[in-house]
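Grab your viewer and work through these exercises. Try each task yourself before reading its solution.

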Amino acid sequence: MKILVTGGLGFIGSHTVVELQQKNYEVVIIDNLSNSSIDVLSGIEKITGKTPEFHNFDLCEREKVNQFFKNHQDLSGIIHFAASKAVGESVENPLLYYENNINTLVYLLKAQTQFQQANFIFSSSCTVYGEADKLPITEDAPVKQAESPYGNTKQIGEEIIRDTAKTYSHFKAIALRYFNPIGAHESAEIGELPIGTPQNLVPYITQTAAGIRNELSIFGDDYPTVDGTCIRDYIHVVDLAKAHVVALERQLQDSCKTNFEVFNLGTGKGSSVKEVVQTFERVTNQELPHKIVSRREGDVVAAYADTQKAKNELGWATKLTLDDALASAWKWQLKLRQTH
Ligand code: UFG
């Protein structure tokens with residue numbers, strides 16, 4: 001069966017392509033390399049022994065999207081990762097985010113419904129919940145006013161898909177709301193490739209340990225949490241990738257309860273920033289230089305997933321731990337040092 005993976009050379013996309021190929025799906029990737037590298041393709045090949053079909057174009061180019069669908073009428077499913085994802089950049093350049101994340105989604109859905117293709121999986125984010133009233137966060141928790149244009153594109157994206165599902169009965173969609181994906185494939189052939197200074201915690205930690213950054217700044221230790229630092233649900237990217245295959249198979253087996261479904265993808269366990277730093281130090285047996293600085297604007301105090309719905313409905317739960325994730329992220333960082 002042929003599966004389209006947009007953004008298939010990105011961080012989560014590439015790990016999902018590996019899991020799909022290992023389950024014998026034939027993968028077609030569309031990626032414009034705006035936040036990824038062509039080298040990822042050979043990483044995928046090294047792990048799986050298979051080369052996915054690759055198309056380098058921007059999904060904002062509507063004619064190319066239509067042409068692609070005309071030439072690929074045999075797709076069994078679409079997993080849509082391609083999107084811009086830097087919160088700060090989205091505040092500076094909101095229209096770029098609406099163009100990249102919303103236009104592309106609309107073009108894809110138009111082509112998909114026109115060609116009567118059924119199955120669609122959307123990369124969403126726990127950011128839609130904002131500062132949740134209750135923890136752990138269930139899928140029923142209200143969607144809060146988005147903190148950034150990036151977050152808003154995920155909310156609007158889900159609404160566009162919900163409306164599409166109401167109108168087209170042949171169309172089935174699942175939005176997967178990721179908590180904090182970290183780590184890398186155990187082979188260290190693929191991993192996260194941040195461009196410039198990393199905005200996210202774990203790549204900043206590994207780059208600091210590798211000597212690329214002087215020290216980690218911890219954004220605030222005066223939050224109402226155990227140790228004053230923010231709490232997040234860090235999920236190993238390989239566990240996350242496997243959830244996409246499970247969600248796709250739910251659609252392929254026609255097991256969806258409604259034609260638009262939403263699932264949280266997390267471990268269910270919250271870890272503080274200090275805990276992540278300490279775990280990294282223990283797992284890699286080295287000290288990580290760090291200092292406390294003031295809070296970062298837009299950060300929520302705590303977010304971790306209620307995992308019951310994913311367990312009950314998808315039969316999926318995470319298997320890998322924070323230790324595994326941080327060890328794999330470090331192994332990947334060391335590999336990057338050798339090859340770049
Ligand atoms: N942090 C630091 N120092 C850093 C980087 C991060 O202390 O250098 C802290 C943050 O303050 C936060 C935690 O580490 O408490 C995690 O931060 P990340 O940037 O790694 O992840 P976020 O939880 O901010 O990001 C998530 C999703 C995004 C989403 C965002 C919305 O990954 O997709 O929430 O707030 F947009």
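**Exercise 1.** Find how many residues surround the ligand, and which are the closest.

*Solution.* Keep in mind that this is a predicted model. Start with the shell: 18 residues surround the ligand. Now pick out the closest, and you get Tyr150, Leu201, Ser217, Arg232 and Asp299.

**Exercise 2.** Which polar atoms of Asp299, Phe219 and Gln199 face oxygen atoms of the ligand?

*Solution.* Take Asp299 to begin with: a polar atom of its side chain sits 2.5 Å from a ligand oxygen. Phe219 has a polar backbone atom 2.9 Å from an oxygen of the ligand, and for Gln199 the backbone distance is 3.4 Å.

**Exercise 3.** Work out how helices H7 and H9 pack, and what kind of residues make the contact.

*Solution.* Look at the axes of H7 (residues 201-209) and H9 (residues 273-284): they're 11 Å apart, at an angle of about 40°. That angle makes H7 oblique to H9. As for handedness, the crossing is right-handed. Then list the contact: H7 brings Leu201, Val202, Ile205, Thr206 and Ala209, while H9 brings Val273, Val276, Val277 and Phe280. Sort these and you have eight nonpolar residues, one polar and no charged. Leu201 turns up here and also among the closest residues to the ligand.

Key
Residues are numbered from 1 along each chain as its sequence is written. This is a predicted model: local features need pLDDT of at least 70, side-chain atom pairs count only at pLDDT 80 or more; totals for chains, interfaces and linings use all residues. Side-chain values use heavy atoms; hydrogens and water are left out. Axes are lines fitted to C-alpha atoms, for helices over the stretch in contact, and angles run from 0 to 180 degrees between N-to-C directions. Helices (H or I, at least four residues) and strands (E, at least two) are DSSP runs, numbered from the N terminus. Angles under 35 degrees count as roughly parallel, over 145 as roughly antiparallel, 65 to 115 as roughly perpendicular and the rest as oblique. A crossing is left-handed if the near helix is turned anticlockwise from the far one by less than a right angle, and right-handed if clockwise. Contact means heavy atoms within 4.5 Å. Ala, Val, Leu, Ile, Met, Phe, Trp, Tyr, Cys and Pro count as nonpolar, Asp, Glu, Lys and Arg as charged, and the others, Gly among them, as polar. A residue is near a molecule or strand if one of its heavy atoms lies within 4 Å of it. A polar contact is a pair of N or O atoms within 3.5 Å; within protein, one must be able to donate a hydrogen and the other to accept it, and residues adjacent in sequence count only if both atoms are side-chain atoms.
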